[in-house]
Amino acid sequence: MDLELQNGHHSGFSHAEESDKGGKWRDIVLAYRTLGVVFGGLVTSPLYVYPSMNLESPTEEDYLAIYSIIFWTLTLIGVVKYVCIALNADDHGEGLNGLGGFGPTSLSGKLEAWVKINSTCLWIRVVACYNNEGGTFALYSLLCRHTNIGILPSKRIGADLAHSNRLMSNESQSRLGKFLERSITARRMVLFIAMLGVCMLIGDGILTPAISVLSAMDGLRGPFPSVHKSAVEASSAVILIVLFLLQKFGTSRVSFLFSPIMGAWTFTTPIIGVYSFLRYYPGIFKTLSPHYIVSFFMRKGKTGWQLLGGTVLCITGAEAMFADLGHFNKRSIQIAFLFSIYPSLVLTYAGQTAYLIKHLDDHRDGFYKFVPGRVYWPMFIIATLAAIVASQSLISATFSVIKQSVVLDYFPRVKVVHTSQYKEGEVYSPETNYILMFLCVAVILGFSDGNSIGNAFGVVVILVMLITTILLTLVMIIIWRTPPILAGLYFVPFSILEGTYVSAVFIKFVEGGWLPFAVSVILASIMFGWYYGRQRKLEYEMTNKITLECLGDLLARSDIQRVPGLCFFYSNIQDGLTPILGHYIQNMRSLHKVTIFTTLRYLLVAKVAPNERIIIRRFGLDGIYGCMVQYGYADSLPEEDDFVTQVTNSLRTYIEMNSDCLSPFSIAEEISQLEAAKSVGVVHVRGKTRFHIGKETSWFDRILLGFYEFLHSNCRSALPTLAVPLQQRMEIGMLYEA
């Protein structure tokens, strides 16, 4: 069955909740931990920013202006946008990293109530809680909680959502919110944009390992000029291949080293930066005046504008501050950025720029050339390790995004393996891993230099930030009720700034920028097509579900026979029964004497307690029962014989303990019926549905549902393996009307 979320458990959460006692020290410890998880891509950017710029005969004024651009980009986007605005996007307690900024206990209670209120919209409602890596999904989820912007124009779902929204908020809807609710095209565009932002993170997972490791390993050519460029590429590819091959073993045993490594990098590079600008250009900070930027563009014109494609890399990884709110609290991320990452980058770039002002043509190796000779090899080792940690952070984030997308039904099912029994977030996806490895190595060997990879990287970096700006503006207007003028004061400056960067990186589209854009668009199209198909399927099943009254009427018909045997009928609908059941009974004219409607539910905990593993209930019909089998990410599902034995034993215990109104004879008769059915034979029945695309189907549904059917036929089965013998399996096909 489809993987489902159990909201009553919260031990799998990695949220760091603030407490009154010792809260400050806890924030400091968390801030230290963020160095190895959140800021790997951002703090290692000095390795490749200057080498990625296509500078021709640069002058002192050029370098001063470039440093001014870097400083103000870090300040405006890093400090103002993310630290001061995006991280505070909590809607007066209704945070993005959890519905309402509640602690785990109250959070689970609120989610449970929310599911009961609006069961048909479960999938989109829980994104903000469980999608720990996708910041744009968190924004989209927040919008969905306050407006009916689902992509299906379903009257039923729309009515449920409208009712739940009234319960969540008594405020009147904004004009923009009403427009989005009325326009299905606008709703689909907003969803696709949110998905594109998440897919950009996956594109980041391709490019960050490639550019980081390649730039770090390029330090070999400083002391050894005879080392050929192809040798650096080959060694970088080998490091990445080994890194990807080790993913299946997880990071639990070495993750404690990540923060010390990144801490060493974060605090040693600014020391070298201070030494460098004091030695080469003590007046470097005069460039904080924006007039250097204005005079640079007036002097350089189009050439200066094109250089923005390189300077944008100084802010790469800043989106992780917002996206990783699911792992760390707001204050810890703010502390880490304002008191370590931001000063480190400002001082490191100041030192690099000061060195380059005195060595104008050394920009192609702008990092290692400014490192003093006495500490060259220690810095080379630290830089290489930091690049590997930054790569690991993005690889792990990619696995987590894929896993969360699969769990939430936004992505076709792929294999996801939990590499730790203690940390729910440590996962590994073999298919994703080998595709990432192939693409990373292809990027290194295909682009061959940091400049071309930088062109590709810039597209990912700035597009995801522009998407965040757009969605956050929608949140301001629709949810916060921010006056349009104030929202415009946020949207206009940042859209101009990021739009200018977008225009600069897209002129290099054919020089490498096409790769991450193409990967992101393909992935977003897959996610959109899959999600649309799953939502249409869910809508059909909820509209045509079989109620217990309807099932009773069917079984009461004289032409319907109850045949001997025990049947496990798998279903993922909890409020009713799957339409396939009615299709099966009406065509087969029969149902087994003992039928157990079984739902397999995936929980975000390591192991489910034995007494909570199997939940049985009566349906009030002779021989008809419901069974919920719950399992955690570290649990292994039993073999078929063990599974049948465990369920029947639990059912027998349930009958004995919940038969107050039955006579001892009736209890014995019910148990005897169960044993007799089991002895006759066991069959496992599951549905296999497809959409029927007829002449009246719209062109949009023809394309999207056809694409969904292609994805569905080529993905893994939704039913976890129970080692059921082939002769006991039965698949019931049914066409859903599109």
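## Burial

A residue is termed buried when its relative accessible area is under 20%, exposed when over 50%, and partly exposed in between (1.4 Å probe, protein chains only). C199 counts as buried because its relative accessibility is 0%. C627 is likewise buried, with a relative accessible area of 4%.

This is a predicted model, in which local features need pLDDT of at least 70 and side-chain atom pairs count only at pLDDT 80 or more, while totals for chains, interfaces and linings use all residues. Residues are numbered from 1 along each chain as its sequence is written, and side-chain values use heavy atoms, leaving out hydrogens and water.

## Overall composition

The protein has 27 helices and eight strands, taken as DSSP runs (helices H or I, at least four residues; strands E, at least two) numbered from the N terminus. Of its 738 residues, 59% are buried. The accessible surface is about 29,900 Å², with 61% belonging to carbon and sulfur atoms (Shrake-Rupley method, 1.4 Å probe).

Among contacts (heavy atoms within 4.5 Å) between residues at least 6 apart in sequence, 83% join residues at least 24 apart. The count of disulfides (cysteine sulfur atoms within 2.5 Å) is zero.

## The mixed sheet

Six strands make up an open sheet of mixed pairing, ordered β5-β6-β4-β3-β7-β8; two strands pair if DSSP finds at least two bridges between them. At the edges lie β5 (614-618) and β8 (729-737), each pairing on one side only.

Within this sheet, β4 (residues 590-602) and β6 (residues 624-631) run parallel and are joined by eight bridges. Y602 has Y631 of β6 as its bridge partner.
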